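User: Hi! Could you walk me through the inside of this protein?

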Amino acid sequence: MLFEQVSADIVSAMKNKDKVRLMALRNVKTYFIETKTAPGANDELSDEDAIKILAKLAKQGKDTAAVYESQNRADLAEEEMKQVHIIEEYLPKPLS
């Protein structure tokens, strides 16, 4: 399941001292936990729901990076896009 994969990758990012990956995955896990503990969720998170969350976070990150670009903050836009690329690693590859 994606929840367990993200949790394992957080530990790996901590060991490798990869701050960008760690920050992105912690953000993802926060959304996963909120969804799992929502009323009626029965403390479960399907991969389908996890993919929806990941897609939403990737889109939000791209939108945020675009805002940073429009404000001439390329440094913040680059940081945001790094996190988006990490999140997109967990999404299924689009069909060609």
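User: Which residues have the most contacts inside the largest nonpolar core?
Analyst: They are Val-6, Val-28, Phe-32 and Leu-54, in a core of 22 residues. A nonpolar core is a set of buried Ala, Val, Leu, Ile, Met, Phe, Trp, Tyr and Cys residues joined through side-chain atoms within 4.5 Å. Buried means under 20% relative accessible area, exposed over 50%, and partly exposed in between (1.4 Å probe, protein chains only). This is a predicted model, where local features need pLDDT of at least 70, side-chain atom pairs count only at pLDDT 80 or more, and totals for chains, interfaces and linings use all residues. Residues are numbered from 1 along each chain as its sequence is written, and side-chain values use heavy atoms, leaving out hydrogens and water.

User: What does Val-28 touch, beyond its neighbours within four places in sequence?
Analyst: Val-28 is in contact (heavy atoms within 4.5 Å) with Val-6, Leu-54, Leu-57 and Ile-87.

User: New topic: where is Leu-76?
Analyst: Leu-76 sits in helix α4, residues 74-88.

User: Why does Leu-76 count as partly exposed?
Analyst: Because its relative accessibility is 32%.

Definitions and conventions
Helices (H or I, at least four residues) and strands (E, at least two) are DSSP runs, numbered from the N terminus.
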